[in-house]
Amino acid sequence: MNKLLKNAIWILIAVLGASAVSGIALNRGENISALWFITAALCVYAVAYRFYAAWIAATILIVDDTRATPAERLDNGRDFVPTNKWIVFGHHFAAIAGPGPLVGPTLAAQFGFLPGTLWILFGAVLGGCVQDMTTLFISTRRDAKSLGQMASDELGPLGGTAALIGTFAIMIILIAVLGLVVVNAMKHSPWATFTVSATIPIAMIVGIYMRYFRPGQVLEASALGVILLLLAVAGGRFIDDHETLRIVFDHEGLILAWWVMAYGFAAAILPVWLLLAPRDYLSTYMKLGTITLLAVAIIMLQPDVKMPAVTQFIDGTGPIFGGKLFPFVFITIACGAISGFHALIASGTTPKLLSNERDIRMIGYGGMLLESFVAIMAMIAATVLDPGVFFAINSPAGVVGSEAIDAVAKISSWGYPVTVEQMQNLARKMGEATLFARTGGAPSLAVGMASIFGSAFGEGMLALWYHFAIMFEAIFILTTLDAGTRVGRFMLQDMLGNIWPKMGETSWTPSVILTSALVVSGWGYFLYIGVIDPNGGVNILWPLFGIANQMLAAIALCVATGILVKSGKLKYAWVTGLPLMWLVTITTTAAWQKIASDDIRIGFFAAANDLTDKLAADVLPPAKAAIAPQLIFNLHLDAWLTLFFVSLLWLIVFDMLRVCTRYLTGKPVLPLTESPHCPSRLVEDWVRD
Amino acid sequence: MSGKLKAFWRFVRRLSGDDAYEQYLMHYAQQHQADAGHECHPPLSKIDFFKQWQDAKWNGIKRCC
């Protein structure tokens, strides 16, 4: 009877999920409530978690709860510590969820709500979650080794090197594009600039408090920091109203970009306790708090999604970025559907805390489901805006014209009516001078979040909510920027250490300064070009980031597939093999189009040639002619970089296939490096608290 | 109710690392008992422990996109 009831409930969930998904998919022309999205997501996640994830864990990975994990065997009370599964889940989720799942869906909303939503749902349950879970599993079985180490142990030195280079490259591109998002959010906005700048001294106060004033009192110090942050959001209004002070914080994008670079350099060489660690505490609390608040507000308010299901821009003419629906929606939304970066957390970091293999499904698969849900909420926040307003905020001046009147005429001509008064009104309500051409996704997400929060918790504070949302995005973008620059510095020191051992000493000051400067100039260059690019820079940088991130995901899936085959599980290799094939297809198609397309909004070479011709014919306006040589050089560089990423991807795919073929034809391959079975001695109730 | 609140508070403290030093002392006492013959170092002070803990926590890739 009990079993019958359980089955009935699961059938009900499946039917509800299927109706919600088809309700979203078949809706045409009418506004649709955001509750449909939430229902569809929760049902799809529940069914996938209960059946697919459980099947993978039991049949393919064969998790063994009697086997001691590295955290138990190597317990040292510091980094290897067997930990309660909810705590590990919290750490893992805080580590994987960054600004990516918020920005990607916002940009992809130019195709309408449907393509992005479907990819976020099904990409996650069939691809991203599987990648995270299998990586977590294989690393747990290998003493919590990193992805690069496992690639080189299981596939060969080529795999390890590719993973290392891939990680470094993605870090550079990621930081540049995130820096660009922050710069665009602060451009000519004294309020936002003040609030974001204030997060730096606030983090330092928190750092000093928990290091010297009350050592180890993490929660006390963080509470103080959160209060100061909220005061900084409110205080921004005062700065904005003050005639002289507002000038101090009112800057062009380029100046802000230089400040962001200077900040990144400082953050990489300052001790972690002063800036990086306290900032991370603040951003983690802000992130968890705001995401919860957003979920509550969406469920309370059930706003209508106003964007059409599919827009005409699936033909590749979209204003935010060029390129057709296939493959670009899959490149634009990386985090939230499948993100290679997670493999770096799921190997090396999280396995050191895992107390039992049984928790792998919940932490690996479940953690990614929650991130996918964050992406769905970002999609809702972007699509509850009037489409006209959405495009006015996100379309760069290079596409719709720099005058407001031209921009609204152009956007209205696409069938998304919007007026100058409407935009001015909105900007005034949000406490901003203008909202036209605020590319990068952060401002439009902030407007969307502010209107949801405003309707749910009081209209009167729209400007406060808007700047709160900007601060919330900026604080953890800057955390990723700090942490990324530092990691880049360590990787570079490690690589240079192979040539000159002295450079590898992480505390030798000349090496610290040199490598930090190199890493900052790496991403600083792309940030600089992104800021001076009249088409907004996001158009170029975001696809590059997407390709790099998917390449890393493909490396992780190659390692997992190779290990499955070598473990004699060829017939199940499709579980990681199919997502891998899909990633290789979309990444290669996207890379090919970015390199070879004749469309100047897609192809890097086409754009470079077009600009060269125009420069030679002297038809460019003087401002653009001055920067044209830099833009041309950069377009060539981007094209070669894309080619490099995709070659690296194919190299590792072939390497994996080589290993699999050798294994299947009985030739010797590198042995599996799984650590031997050792029975767990942790007493059940002690682990479970 | 108050039991649940207490459990939640313990969860928050554990997640944030607020109780890391207490955990360390517990681990130290356990190790000490298990292996009484080994050479004795007194446990670290709270300040020293926190410094080491913070530096170790931030070594490597800890944040994603």
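## A tour by selection

Begin with chain B, which has three helices and zero strands; helices (H or I, at least four residues) and strands (E, at least two) are DSSP runs, numbered from the N terminus. Read from the N terminus, the order of elements in chain B is α-α-α. Of its 65 residues, 25% are buried, where buried means that 20 or more other C-beta atoms, placed from the backbone, lie within 10 Å of the residue's own; 12 or fewer is exposed, and partly exposed is in between.

Before going on, note that this is a predicted model, in which local features need pLDDT of at least 70, side-chain atom pairs count only at pLDDT 80 or more, and totals for chains, interfaces and linings use all residues. Residues are numbered from 1 along each chain as its sequence is written, and chains are lettered from A and ligands numbered from 1 in the order in which they are written.

**Phe49(B).** Select this residue in helix α3 (residues 46-57) of chain B. Phe49(B) counts as buried because it has 20 C-beta neighbours inside 10 Å. Leaving out residues up to four places away in sequence, Phe49(B) touches Tyr21(B), Tyr24(B) and Leu44(B), a contact being two C-beta atoms, placed from the backbone, within 7 Å. Leu25(B) is 24 residues from Phe49(B) along the chain, and their C-alpha atoms are separated by 9.9 Å.

**The contact between the chains.** Next show the residues where the chains meet: 34 residues from chain A and 25 residues from chain B. On chain A, the elements that give two or more residues to the side touching chain B are α4 (85-96), α10 (218-241), α13 (276-301), α15 (341-346) and α22 (462-499). Among these, α4(A) gives the most, with five residues. Colour this side of chain A by residue class and it divides into 19 nonpolar, 13 polar and two charged. Here Ala, Val, Leu, Ile, Met, Phe, Trp, Tyr, Cys and Pro count as nonpolar, Asp, Glu, Lys and Arg as charged, and the others, Gly among them, as polar.

**Pro105(A).** Move to helix α5 (residues 100-108) of chain A and select Pro105(A). Pro105(A) counts as buried because 32 C-beta neighbours lie inside 10 Å. Not counting residues up to four places away in sequence, its contacts include Gly116(A), Ile120(A), Ile333(A) and Ala375(A).

**Helix α16(A).** Select residues 360-383 of chain A: this helix, α16, has 24 residues and reaches 34 Å from its first C-alpha to its last, close to the 34 Å expected at 1.5 Å a residue, that is, 1.5 Å times one less than its number of residues. Where does α16(A) kink? The kink, about 30°, is centred on Gly366(A); the bend is the angle between axes fitted to the seven residues ending at a residue and the seven starting there. Since 22 of its 24 residues are buried, α16(A) is largely enclosed by the rest of the structure.

**The nonpolar cores.** In the largest nonpolar core, of 228 residues, Ile173(A), Val182(A), Leu541(A) and Ile555(A) touch the most other members; such a core is a set of buried Ala, Val, Leu, Ile, Met, Phe, Trp, Tyr and Cys residues joined through C-beta atoms within 7 Å. Helix α24 (residues 538-566) of chain A supplies the largest share of this core, 21 residues. A second, separate core of seven residues includes Ala607(A), Ala608(A), Leu631(A) and Leu635(A).

**Confidence.** Finally, colour chain A by pLDDT, the predictor's confidence in each residue, from 0 to 100. Chain A averages 92, and 99% of the residues score at least 70. Over residues 685-689 of chain A the pLDDT is below 50.
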